[in-house]
Amino acid sequence: MLEILLDFWGGCLQMMTPYNLLIILLGSLVGTVVGALPGLGPSAGLALMIPMTFTMNPTAGLALLMGVYMGTMFGGRITSILINTPGDAPAIVTCMDGYPLMCQGRGGFALGISAISSFMGGFFGIAVLIFMAPTIADLVISFGAPEYFMLLLLGLCTIALLAGDSVMKAMLMTVIGFIIGLVGCDFVSGYTRFCYAPELLEGIDFVVVIMGMYGIGEVLHNVEHNVHLELGKPNFKLREYFPNRKELKEVSLPMLRGSLIGTVIGILPAAGGTIATFLAYAGEKKLAKDPDRFGKGAPEGLAAPEAANNASVGGALVPLITMGIPGSGGTAILLGVFIMFGMRPGPLLMVESGDIVWAMIAGLFIANIFLLISNLLMIPVFVNAIRIVEKHLSVLVLALCCVGAYALNYSFFNVWLMLIFGLFGYVTKKFKLPTGPLILSVVLASSLESYFRQSLMLSKGSYMIFVTRPVSLVILLIILGTAVFSVVNNQIKKKKKAAEKAAK
Amino acid sequence: MITLYRAFLVLLALVAGLMMPEALGLPKDSQYTIGPGFLPLIMLGAIIVCCAILLLLDLKDKTNASVKKESIPKMLLYILATALLIFCMEHVGIVLSVAVYIFSVIFFVERHPVFTAAKVSIITSALIYAIFHVWLKVPMTICNFF
């Protein structure tokens, strides 16, 4: 323990030069802006900044990238809360309770509570990375395809069973999302599936679906109902962004639970922040005394997923540093950067380049602190920027979504597709069909199919592999437990409603 | 009675049904594992079943969802303008199309003063160009003709 702390302190000392601190601050700010732009996430932010690291030493280069990585995680929540347009998949859940708070004139509070939750989640993830990386790496290395399949299935089932009022509506959206996720060329067999245009061969980018369903769908809804955002007082005070003692007490446990979920899920390759945020949200809704508040501006519904999202950063670095396995697009880019700086990712990384790795972890820690301060101080900037354009917000969001969809891979086909998903998003909102399950299944469909295939190959076609492996069996039991809970809970709710009606 | 919600569910089931032959034509298994048609077939079947169940549930407890009649022209204008924007982005040029789109919607649809429309349109287009083209290096034409 003491040795670990000394190593970490050594890393901090390396980062405590004015140049490195300035680099981290710059990276954090750039990351925040990139994360806030619809369509751009951590991978895009890191990829954009790599050329700047060519002339830097490894410590400064990794400091810059750590700032950007953490910054994009912080930035993703801004547009989710302010204009209900998530920048990337993990920020979807932020919309669910962040935007309703914005509509109630508590946008500053929502940004404040989400910034604090992001900081706490990031802090938790980094602490786990520092102290428990080797132990966790040993545990996770034993996970195989059946365990990953069950884990992804758990994520899908949890959101389908616990999101919204109707399980059947959530199921419908989940299977629609699955079909969207399966469009394109099946790279194992070479067959194409539902490719009605050549551009669909590579599949449908989930960011296009997100921007369409949340950005365009929301704009159309606002145009129909002539919605105007309630932005609160023009000159609000700093204390209004901060939760008071009572509110902080209410969100502290959700933050902690979200951080734990985010770190654990972040460690697992391919799961990442998206599934962590959905699980954290579903978990909080399940634990809440009054789940009906969720989706209407419940601070716990904002705090837990935000903490989970940022905690997944620390978690995702565990397999990268200890085994050289990247679990997400962002960490895959970092793996390339390690190689670019002459480091050898894998079990020997900590032995051969321990000083640089510890400096990188310290950089992540410092970036987390910078981001908390800068994001809290910049809340008036964010909210006032929206205030300036509030009257024209609909058209500006539409224009930004169109350019963002084009910027994904410079294809106009994506922009048309986004418009179609926008219309679909508007219709689903009208019929109260939950969009969360659809988005999650679009994101997870191909991984789920791939792990399912691998599992059956391992067992030579036997489905028993999912119940003969202990971890897989435990997750399966959790899925069944969630299903039973959901059914029983719905029945109790129905009975309560019937009793209330009868009493009236 | 036909409602918007019921029509939507029928349409969804119909689309799933139309996609079914392609899923049926794909191999369901390959040696020890599933083929490319296995999951699509199950999922399309599930869509049809879910739509049928939701339709039955709706017969018991009707979902009331309608589009505000007075908002339909404005919504249609927004959708058509956005479709036109995407077409022009490809054939006329991205930045010019975005500028004209923002100006037109603010001035003609939202009925704001011409000066406001011009100001918002120019500033936004310039910002989009600066962020996406200059900084992020996204290939982006101002106008395809010059």
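In this predicted model, a network of salt bridges links Asp186(A), Arg193(A), Glu449(A) and Arg453(A).

One of the pairs joins Glu147(A) and Arg469(A), whose side chains meet with N and O 2.8 Å apart.

Lys430(A) and Glu224(A) form another salt bridge, with an N to O distance of 2.8 Å. Here too, distant parts of the chain are linked: Lys430(A) comes from helix H18 (residues 412–430) and Glu224(A) from helix H9 (residues 206–225), 206 residues apart. Both Lys430(A) and Glu224(A) are buried.

Glu110(B) forms a salt bridge with Lys74(B), and the closest N and O atoms are 3.6 Å apart. Glu110(B) lies in the loop between H4 and H5 of chain B, Lys74(B) in helix H3, and 36 residues separate them. Glu110(B) is partly exposed, with a relative accessible area of 23%, and Lys74(B) counts as partly exposed at 24%.

The nearest side chain of opposite charge, that of Arg77(A), is 4.8 Å away. The side chain of Glu306(A) is instead joined to that of Ser118(A) by a polar contact of 2.9 Å. Beyond its neighbours within four places in sequence, Glu306(A) is in contact with residues including Met73(A), Thr94(A), Ser114(A) and Ser117(A).

The two chains also meet each other. At their interface, 61 residues of chain B are in contact with 62 residues of chain A. The area buried between the chains is about 5600 Å², and carbon and sulfur atoms give 83% of this area. The elements that give two or more residues to the chain B side include helices H1 (4–25), H2 (38–60) and H3 (72–91), as well as strand E2 (33–34). By class, this side has 48 nonpolar, eight polar and five charged residues. Across the interface the rule finds zero salt bridges, but nine residue pairs are in polar contact.

Key. Residues are numbered from 1 along each chain as its sequence is written. Chains are lettered from A and ligands numbered from 1 in the order in which they are written. This is a predicted model: local features need pLDDT of at least 70, side-chain atom pairs count only at pLDDT 80 or more; totals for chains, interfaces and linings use all residues. Side-chain values use heavy atoms; hydrogens and water are left out. Contact means heavy atoms within 4.5 Å. Buried area is the accessible area (1.4 Å probe) that two parts lose on being put together, summed over both. A salt bridge is a side-chain nitrogen of Lys or Arg within 4 Å of a carboxyl oxygen of Asp or Glu. A polar contact is a pair of N or O atoms within 3.5 Å; within protein, one must be able to donate a hydrogen and the other to accept it, and residues adjacent in sequence count only if both atoms are side-chain atoms. Helices (H or I, at least four residues) and strands (E, at least two) are DSSP runs, numbered from the N terminus. Ala, Val, Leu, Ile, Met, Phe, Trp, Tyr, Cys and Pro count as nonpolar, Asp, Glu, Lys and Arg as charged, and the others, Gly among them, as polar. Buried means under 20% relative accessible area, exposed over 50%, partly exposed in between (1.4 Å probe, protein chains only). Lys and Arg count as positive and Asp and Glu as negative; His and the chain ends are not counted.
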